[in-house]
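Trainee: Could you walk me through how to read the sheets, helices and pockets of a model like this one?
Mentor: Gladly, let us take it feature by feature.

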Amino acid sequence: MGSQTPLKLPVIDFGKPELKPGTNEWDLVKGQVHVALRDYGCFEATFDKIPIDLRMSIFGSLGELFDLPLQTKIRNVSNKPYHGYVGQYPQVPLYESMGIDDANVSEKVEALTSTLWPQGNSSFSKTIHSFSEQLSELDQIIRRMVLESFGLEKYMDEHMESTNYLLRVMKYKGPETNQTKLGLHSHTDKNIVTILYQNEVDGLEVQTKEGEWINVKPSKHTFTVMIGESLYAWLNGRVYAPYHRVTMTGDKARYSVGLFSVPKGGYIIKAPDEVVDEEHPLLFKPYDHVEFLGFYYTEAGQKAESALKVYCGV
């Protein structure tokens, strides 16, 4: 029998001014993060440091971006899979997206902006950079809490310095039908941590360990935080990396922006000895995230139920 009431993700408040390492408030929130990531791999976060006007302006910037002609959008190219412009795929006709590497660095955002708008667009670059820079603070708080909760403080500097940020902006066209259409297929993220912010159009669904799907109700007041397989592997399975998908109905477009903390190329993801024991035997051999992505986007990687297990499972 299913639940009588719909499942919901935990909501955790990161907006309190006294939220500083070593305080009781920090330890309380850290405990909530630990339980949420162990049980769901995902939670909703409130983070008032990002003002509501900046949150709303990000969707204006996304509308402006995706309204550009296709020949302009495809100027956003990258040698990394799915880091540039993605669209025009028959399997997911409602979906298009664009990646901005190091979006928390103003010079990188301005370089992409000048590629798309040679005449300049300072409003776009300022909005994207400010949003990414401030959201990266939340990512760092969460990751610090995760390492502390497993007693891995001695790896803190190495862990923080081993990643950079990708901002991925996404648009899902309304299918103009009341029948549910696939916006994006079920998948796990491959990075460290994903923080999503979306306009108030339903679509995101997250799968529990038991296989039930939770409809994530979008709110302008919360961000959705999700664990990726890189952190799952580094912590030797002590947290859960959830499958998630997007389904669409109606005629309204869904806009979503995701900040991804991503392992740098050349950095080897290796579970610390502290998270490997008889009860938790080693799950994965050490691996390079970028090299793994090269396998993941092959035919064999796409067909595998778990590409990571096929690639480097013990």
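This is a predicted model: local features need pLDDT of at least 70, side-chain atom pairs count only at pLDDT 80 or more; totals for chains, interfaces and linings use all residues.

Mentor: Strands S5 and S10 run antiparallel and are joined by five bridges. Residues are numbered from 1 along each chain as its sequence is written, and side-chain values use heavy atoms, with hydrogens and water left out.

Trainee: What counts as a strand, and when do two strands pair?
Mentor: Strands (E, at least two residues) and helices (H or I, at least four) are DSSP runs numbered from the N terminus. Two strands pair if DSSP finds at least two bridges between them.

Trainee: In what order do the strands of the sheet with S5 and S10 lie?
Mentor: That open sheet has four strands in the order S5-S10-S7-S8, with antiparallel pairing. Its edges are S5 and strand S8 (213–215), each of which pairs on one side only. Neighbouring strands here are turned by 25 degrees against each other on average, direction ignored.

Trainee: And what is the order in the open sheet of seven strands?
Mentor: Read it as S1-S2-S9-S6-S11-S4-S3, with mixed pairing. Strand S1 (11–13) and strand S3 (95–101) are the edge strands, each pairing on one side only. Inside this sheet, six bridges link S6 and S11 in the antiparallel sense. Glutamine 198 has serine 256 in S11 as its bridge partner.

Trainee: How should I read the packing of two helices?
Mentor: Axes are lines fitted to C-alpha atoms, for helices over the stretch in contact, and angles run from 0 to 180 degrees between N-to-C directions. Angles under 35 degrees count as roughly parallel, over 145 as roughly antiparallel, 65 to 115 as roughly perpendicular and the rest as oblique. Here the axes of helix H2 (residues 52–66) and helix H5 (residues 122–149) come within 9 Å and cross at roughly 130 degrees. H2 and H5 are therefore oblique to each other.

Trainee: Is the crossing of H2 and H5 left-handed or right-handed?
Mentor: A crossing is left-handed if the near helix is turned anticlockwise from the far one by less than a right angle, and right-handed if clockwise. The crossing of H2 and H5 is left-handed.

Trainee: Now the pockets, please. What is the volume of the largest pocket?
Mentor: On a 1 Å grid over the protein atoms alone, a cavity is a set of points where a 1.4 Å probe fits but cannot get out, and a pocket is an open set with protein on both sides within 12 Å along at least five of seven lines; lining residues have an atom within 4 Å of a point. Grid points are joined across faces, edges and corners, and a volume is the space filled by probe spheres set on the points. The largest pocket has about 770 Å³. Of its 34 lining residues, Tyr82, Tyr95, Leu184, His187 and Tyr297 are the closest to its centre. Elements that each supply at least two lining residues include strand S5 (177–187), strand S10 (244–250) and helix H8 (289–296).
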